[in-house]
Amino acid sequence: MCLADILFVIGVILVQVTARDIASMDLKKLSFKDTDAMINYINNAQSSWIAGKNFPDDISEDYLKRLSSAPVPQIDRLPKLPIFDDFDDSEAEFGDTYEISDPPAEFDARKQWANCPSVSHVYDQGNCGSCWAVAVASVITDRICINTKGASNDWISSWEIASCCVEDKCGTGCFGGYASKAFEFYVKHGVVTGGEFGSNEGCMPYMVKPCSHRVVGKYPDCRSYNNTVLPTCQKQCINPNYKTSMDKDRHFGKRSYEVKVADLKKELSKKGPVTMWFNVNEDFRLYKSGVYFHVTGAKVGGHIVRVLGYGTENGINYWLCANSWNPEWGDKGLFKIKSGSNESGCEESLFAAEPKVKT
């Protein structure tokens with residue numbers, strides 16, 4: 001037997017052993033520390049989504065926890081927001097109840113409102129647990145543009161939300177917060193404008209620089225700096241080149257509200273993106289493409305993202321979401337999560353706000 005034949009036989013044996021070992025693994029024992037084993041198991045156990053390495057093997061667990069540090073929503077700590085309902089008479093005063101017609105079978109806000117650049121934008125929270133503030137600010141930004149039919153493209157400041165929405169246990173800056181409280185803050189207090197880090201846009205741009213949430217990327221490695229700028233509430237614009245005063249720059253919401261999952265398709269297709277909270281499991285960190293559902297790994301935190309649409313892929317219904325780990329993560333910064341079964345708690349905590357038109 002020649003060397004090539006021997007190597008081939010050895011390779012077949014190794015593949016068989018690997019497949020057998022993966023199939024017999026105790027799911028509870030798989031962890032993110034065994035990234036390769038977890039990736040192999042996920043991709044062999046199902047065909048709904050593809051797992052791959054997004055982070056270096058020696059990435060800090062503290063850093064990963066900060067990426068998904070949104071606390072579990074606790075009903076007694078959240079404001080009693082109105083729940084949007086097709087037939088709720090209390091909505092009549094706003095003049096915007098849903099139409100009775102069914103929503104489209106599939107929907108993508110990026111296509112529906114292509115004249116609003118923010119809808120397609122993927123944010124980067126950097127080395128800061130501000131997903132709650134970033135998601136809320138991005139939804140507000142989208143809805144202002146949608147509400148004005150593209151006439152207003154002001155970017156709402158996630159940094160002011162992270163910095164100043166602290167009362168009533170709203171948030172703790174880079175260590176998590178509640179989307180519902182942040183939307184309520186937008187209605188009562190208003191939020192100024194502010195673009196991404198280094199954008200020089202608006203009154204209060206984001207102050208944490210982007211970094212690569214993967215093995216190799218165009219941004220600096222997130223491990224290159226462990227410290228981050230901690231948000232502190234400012235009384236004046238931090239962008240020296242922005243000449244509008246904070247009082248005149250502030251945008252207000254007309255109302256904030258909870259969205260029932262039964263109404264989510266109508267809400268998305270009629271009004272625009274909403275925020276979604278869900279449990280982050282270790283395998284979610286490995287998401288590359290497809291329709292995600294939890295396969296293996298422990299719960300490691302909570303996360304708040306922006307829902308852009310919905311659809312069906314290979315017979316599986318999903319919600320289309322934009323993450324805030326920059327466009328290099330996952331499917332160009334996006335992911336799909338299985339719908340209709342409250343996957344990882346994703347259908348329990350959905351919020352939005354209606355913008356008040358500036359005069």
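1. Start with helix α6. This helix is mostly covered, with 16 of its 17 residues buried. Keep in mind throughout that the model is predicted.

2. Check the length of α6.

3. Now look at the partner helix. α6 covers residues 131-147, and α8 covers residues 179-188. The two pack at an angle of about 45 degrees. Their axes are 9 Å apart. An angle under 35 degrees would count as roughly parallel, and 65 to 115 as roughly perpendicular. α6 and α8 are therefore oblique to each other. The crossing of α6 past α8 is right-handed.

4. Which residues make this contact? From α6 come W132, V136, V139, I140 and I144. From α8 come A179, A182, F183 and Y186. Find them in the structure before reading on. By class, the contact has 9 nonpolar residues, no polar ones and no charged ones.

5. An α-helix has 3.6 residues a turn, so residues three or four places apart point the same way. Look again at the α6 side with this in mind: W132, V136, V139, I140 and I144 are its contact residues.

6. Is α8 enclosed or open? Of its 10 residues, 8 are buried, so α8 is largely enclosed by the rest of the structure. The buried ones are A179, S180, K181, A182, F183, E184, F185 and Y186. K181 and E184 are among them, and both belong to the charged class.

7. What covers the buried residues of α8? The cover includes two helices, α6 and α7 (158-164). It also includes the strands β4 (253-259), β5 (274-281), β7 (299-313) and β10.

8. Look just past the helix ends. Just after α6, K149 takes a positive phi of about 55 degrees. Just after α8, G190 also takes a positive phi, of about 80 degrees. Most residues other than glycine have a negative phi.

9. N200 has a phi near 60 degrees, a positive value in a residue other than glycine. N200 lies in the loop between α8 and α9 (246-249). Its relative accessibility is 47%, so N200 counts as partly exposed. N342 has a positive phi too, near 55 degrees. N342 sits in the loop between β9 (334-338) and β10 (350-355). At 27% relative accessibility, N342 also counts as partly exposed.

10. Turn to a strand. I316 is found in β8 (residues 316-322). Buried or partly exposed? The relative accessibility of I316 is 22%, so this residue counts as partly exposed; the cut-off for buried is under 20%. Leaving aside neighbours within four places in sequence, I316 is in contact with S48, V291, G311 and K338. I316 and G340 are 24 residues apart in sequence, and their C-alpha atoms are 9.6 Å apart in space.

11. Finish with the whole chain. The secondary structure comes to 10 helices and 10 strands. Of the 359 residues, 53% count as buried. Take the contacts with a separation of 6 or more: residues 24 or more positions apart account for 72% of them.

Note on methods
Residues are numbered from 1 along each chain as its sequence is written. This is a predicted model: local features need pLDDT of at least 70, side-chain atom pairs count only at pLDDT 80 or more; totals for chains, interfaces and linings use all residues. Side-chain values use heavy atoms; hydrogens and water are left out. Axes are lines fitted to C-alpha atoms, for helices over the stretch in contact, and angles run from 0 to 180 degrees between N-to-C directions. Helices (H or I, at least four residues) and strands (E, at least two) are DSSP runs, numbered from the N terminus. Angles under 35 degrees count as roughly parallel, over 145 as roughly antiparallel, 65 to 115 as roughly perpendicular and the rest as oblique. A crossing is left-handed if the near helix is turned anticlockwise from the far one by less than a right angle, and right-handed if clockwise. Contact means heavy atoms within 4.5 Å. Buried means under 20% relative accessible area, exposed over 50%, partly exposed in between (1.4 Å probe, protein chains only).
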